[in-house]
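Q: Could we go through this structure together, strand by strand and helix by helix?

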Amino acid sequence: MTAPADWDPRALPRLDGRTVVVTGGNAGIGYFVSEQLASAGARVVIAARSAEKARLAIDSIRSRFPEAELAHVPLDLTSLASVRAASERIAEFRPLHALVNNAGRVVASRRRLETEDGFELTVGGNFLGHFALTTLLFPALAADGRVVGLGSDSTRMVRLEPTKLWSEHRYGAFRAYAYSKHAVTGFQLELARRLAAAGDTRRSLLAHPGWATSAYAARRPGITDRDPWRGRFFETLTGWVGQGKDRGAWPVVRAVADPDAANGSYFGPRWELAGRPVPTRPVASAASREFGAWLWGDAEVKTGIRFPL
Ligand SMILES: NC(=O)c1ccc[n+]([C@@H]2O[C@H](COP(=O)([O-])OP(=O)(O)OC[C@H]3O[C@@H](n4cnc5c(N)ncnc54)[C@H](OP(=O)(O)O)[C@@H]3O)[C@@H](O)[C@H]2O)c1
């Protein structure tokens, strides 16, 4: 067994014969997660909105690893109809060995917007869309399969108030983003508790990338250089305290590929914003049993989909 701090993301175990789904695998951290897992032999299904960006991502990975097995399935997390359609297509790749719930609306709009189904857009996409996707794909997940959610340090900056999760009366862009990450954290940990209680061998884990930017990432033409100039300027200015998105992918890749990663584990960079992937801890409020149980019930009502656990 590797010591928790010594796991090397540049020396991955082989993943031949394993199938991994990466939401938002066509850009940012999700792209590098897909590239790194494909480099170790995993078949990667990129579930993403834009077919054009997915094609660029697939071409970029194949240019480095010609043998890579890659596919794109269209997915928009802000539409439950799209999530249902995508889950049917993704299930054709069963058994799935990992579902990486990476996609996220990171820079939320200044104005409160809603999903196709009428829920605040950031929490609706980042959390509820992934809740529905995970629920629908759960039967296709292998007995040793994993679900990995993307947490964030924003949960340490914004205090969780569950009754305000959906920003029905007051909305702030960063607050909505942080709430979406509280919800992702709460969901993954509640899933871990339910799997353990049911004696189910599948695992639920979390990872966060610290502060990860394209500006400081390894260059991938058409992928790391397509953010708008304002974003690139901001990243260049602030990104030196963090790391590139290629390294931001490491905690996620560890959650997928470390054979010793236990159900309920959370990985992040050693120096919080940057560094090698090591075990870390979630904020207590998002990790609480009360929040997890409430969130689960709320998500089942809002999606109309019952989780089979
Ligand atoms: N970067 C950081 O420092 C940081 C820190 C903490 C946590 N995170 C988390 O890491 C994850 C990836 O972040 P990133 O920095 O790589 O962001 P990014 O470069 O903006 O990429 C986000 C990805 O999510 C996809 N996406 C957004 N909304 C979607 C939707 N409704 N349906 C399907 N796909 C959607 C995007 O697809 P489109 O191209 O179609 O928009 C894109 O592929 C997010 O969950 C984020 O919260 C990032």
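A: What follows is a discussion of strands, helices and their contacts in a predicted model.

Q: Let us begin with β1. Is strand β1 enclosed or open, and why?
A: Strand β1 covers residues 19-23, and five of the five are buried, so β1 is largely enclosed by the rest of the structure.

Q: Which residues of β1 point one way, and which the other?
A: T19, V21 and T23 point one way from the strand, whereas V20 and V22 point the other way. Residues of both groups are buried.

Q: In what sense do β1 and β2 pair, and over how many bridges?
A: The pairing of β1 with β2, residues 43-48, is parallel and runs over five bridges.

Q: Which residues of β2 stand opposite T23 and V22?
A: T23 has A47 as its bridge partner, and V22 stands opposite I46.

Q: And what does β1 do with β4?
A: Strand β4, residues 96-101, also pairs with β1 in the parallel sense, over three bridges. In this pairing, V20 has A98 of β4 as its bridge partner.

Q: Back to β2: how many of its residues are buried?
A: Five of the six residues of β2 are buried, and the strand is mostly covered.

Q: What about the pairing of β2 with β3?
A: β2 and β3, the latter spanning residues 70-74, are parallel and joined over five bridges. The chain passes from β2 through α2 to β3 in a right-handed β-α-β crossover.

Q: Which helix goes with β1 and β2 in a β-α-β unit, and what is the handedness?
A: Helix α1, residues 28-39, makes a β-α-β unit with β1 and β2, and the unit is right-handed.

Q: Turning to the helices, how do α1 and α2 cross?
A: The axes of α1 and α2, residues 51-64, come within 10 Å and cross at roughly 35°. This crossing of α1 and α2 is right-handed.

Q: Which residues make that contact?
A: On α1 they are Y31, S34, E35 and A38, and on α2 they are A57, S60, I61 and R64. Sorted by class, the contact of α1 with α2 has four nonpolar, two polar and two charged residues.

Q: E35 is interesting. Does E35 count as buried or exposed, and why?
A: E35, which lies in helix α1, has a relative accessibility of 7%, and because buried means under 20%, E35 counts as buried.

Q: What is E35 in contact with, leaving aside neighbours within four places in sequence?
A: E35 is then in contact with I61, R64, F65 and R220.

Methods
Residues numbered from 1 in each chain as written. Predicted model: local features only at pLDDT ≥ 70, side-chain atom pairs only at ≥ 80, totals over all residues. Heavy atoms only, no water. Buried < 20%, exposed > 50% of the residue type's maximum accessible area, 1.4 Å probe, protein only. Helix = DSSP H or I, 4+ residues; strand = E, 2+ residues; numbered from the N terminus. Pairing = 2+ DSSP bridges. Right-handed = clockwise from strand over helix to strand, strands pointing away. Axes fitted to C-alpha atoms, helices over the stretch in contact; angles between N-to-C directions. Left-handed = near helix turned anticlockwise from the far one by under 90°. Contact = heavy atoms within 4.5 Å. Nonpolar A, V, L, I, M, F, W, Y, C, P; charged D, E, K, R; others polar.
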